[in-house]
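Subject: Structure for your review

Dear colleague,

Please find the structure below, followed by an account of what was found in it. I would be grateful if you could read the two side by side.

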Amino acid sequence: MASFNLLLLPGDGIGVEVMGEVKKILDFMTKTGMARFETETDLVGGAAYDAHKKAISDDAVKLAHQSDAVLFGAVGGPQWDSVPYDQRPEAGLLRLRKDLEMFANLRPAICYPALAAASSLKHEIVEGLDIMIVRELTGGVYFGEPKEIVTLENGEKRGVDTQVYTTHEIERIGRVAFELARKRGNKVTSSEKRNVMKSGLLWNQVITDLHKREYADVVLEHMLADALGMQLVRWPKQFDVIVTDNLFGDMLSDVASMLTGSLGMLPSASMGIADAKTGKRKSMYEPVHGSAPDIAGKGLANPIAMIGSFAMALRYSLGLSDAADLVEKAIADVLNSGLRTKDIAGPGVNAISTSEMGDAVLQAIQKLAR
Ligand code: IPM
Ligand code: MG
């Protein structure tokens with residue numbers, strides 16, 4: 001039986017609760033022989049800071065390197081607002097992305113038919129939506145240098161972040177987008193701000209050249225990032241794969257999440273470079289939602305984004321696409337049965353708790369596996 005090493009990093013806030021629901025599924029799959037999962041659990045974010053004054057320990061990063069995949073919950077919370085900037089909870093997440101060079105972040109936004117009513121947009125605009133945002137994750141303004149706050153001679157301060165991209169960074173994320181498009185709707189929309197940014201101009205040129213050279217069979221369009229934000233809420237079904245930089249991808253994927261009904265529905269996968277020998281990529285799977293301190297510990301969180309992220313791990317890193325299908329089908333069945341956590345419950349619908357939703361998905365998996 002295939003055996004896999006998973007590192008679980010639940011993190012802070014609702015990250016801990018939603019990870020608990022994935023553990024139930026891991027245990028079931030191991031017990032029934034679908035696969036054997038060896039798991040290690042470690043700290044990240046505020047929890048890691050409290051334990052050892054670092055947003056993630058070197059040991060945890062080492063475990064991440066050794067694992068077949070990392071499952072990540074969420075980080076952050078107001079109680080860590082005043083910790084040193086370099087050790088703020090988000091620094092743990094950014095270090096993992098950078099150290100494992102996970103440059104490609106896949107954020108699918110799928111609107112389950114049963115949830116079309118939960119979106120703040122009209123039913124016909126979102127029903128059946130299936131788009132994939134491919135966000136560059138290890139470059140751009142998140143990591144560019146200089147990144148600093150300096151004091152000027154006149155005593156004023158100046159904050160600086162640097163948006164920077166090189167040809168190879170744009171090419172490799174472009175390839176991920178084009179390859180994905182070939183397996184989906186065969187269309188890529190590349191997005192930047194070439195009208196005001198040099199890095200955007202280069203982005204546009206590199207994607208255009210790559211398309212001409214290697215992917216002419218795929219339909220390519222370019223759209224300025226502000227216009228794309230508008231089109232996402234106007235008529236999102238025009239898109240198939242969207243490829244964009246780190247910062248625009250961060251914003252646009254939050255927008256896209258509301259098209260699916262709730263931020264609690266959106267999974268994501270972060271992938272590194274393919275190993276020259278094995279072809280394997282370092283990878284991490286996390287819900288797009290954050291730690292949601294306002295609802296943490298109350299059993300209100302929706303575990304579906306976390307469970308969906310686990311399904312992506314089964315598919316993209318572990319080669320268990322049947323098991324991934326099973327989990328995704330189970331999620332759809334549970335939603336069709338009308339069960340809702342608070343974030344996706346319409347008016348007058350009784351919401352169930354985080355663990356009740358996790359149990360319902362597990363039961364649906366058990367039923368489908370029979
Ligand atoms: C995300 C989050 C992170 C980001 C934060 C927590 C640093 O918003 O994954 O979208 O900005 O990348
Ligand atoms: Mg974000």
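A salt bridge is counted here when a side-chain nitrogen of Lys or Arg lies within 4 Å of a carboxyl oxygen of Asp or Glu. One such pair is formed by Asp359 and Lys24, whose side chains meet at 2.8 Å, N to O. Because Asp359 belongs to helix H12 (residues 354-369) and Lys24 to helix H1 (residues 14-31), the pair ties together parts that are 335 residues apart in sequence. Helices (H or I, at least four residues) and strands (E, at least two) are DSSP runs, numbered from the N terminus. Over the whole structure, the search finds 24 salt bridges.

Please note that this is a predicted model, in which local features need pLDDT of at least 70 and side-chain atom pairs count only at pLDDT 80 or more, while totals for chains, interfaces and linings use all residues. Residues are numbered from 1 along each chain as its sequence is written, chains are lettered from A and ligands numbered from 1 in the order in which they are written, and side-chain values use heavy atoms, with hydrogens and water left out.

The two domains

The domain assignment of the chain gives domain 1 (1-107 + 283-370) and domain 2 (130-259); such bounds come from an automatic or database assignment. To their contact (heavy atoms within 4.5 Å), domain 1 contributes 12 residues and domain 2 contributes 17 residues. The centres of the two domains, taken over C-alpha atoms, are 26 Å apart.

Between them the domains bury about 1,500 Å², of which 63% is on carbon and sulfur atoms. Buried area is the accessible area (1.4 Å probe) that two parts lose on being put together, summed over both. In domain 1, the residues that lose the most area to domain 2 are Phe103, Asn105 and Arg107, together 45% of what that side buries.

There is 1 salt bridge between domain 1 and domain 2. The side chains of Arg172 and Glu101 also meet in a salt bridge, at 2.8 Å, N to O. On the side of domain 1 that touches domain 2, helix H4 (89-99) and strand E4 (104-110) each supply at least two residues, and the largest share, 4 residues, comes from E4.

The ligand

Which residues surround ligand 1? They are Glu90, Leu93, Arg97, Arg107, Arg135, Tyr142 and Asp250, each with a heavy atom within 4 Å of the ligand. An oxygen atom of ligand 1 lies 2.7 Å from a side-chain N or O atom of Arg97. For Arg107, the distance from a side-chain N or O atom to an oxygen atom of ligand 1 is 2.8 Å.

Backbone details

The peptide bond from Glu145 to Pro146 is cis, with omega near 0°, and Pro146 is found in strand E6 (residues 144-151).

Yours sincerely

How values were computed
A polar contact is a pair of N or O atoms within 3.5 Å; within protein, one must be able to donate a hydrogen and the other to accept it, and residues adjacent in sequence count only if both atoms are side-chain atoms.
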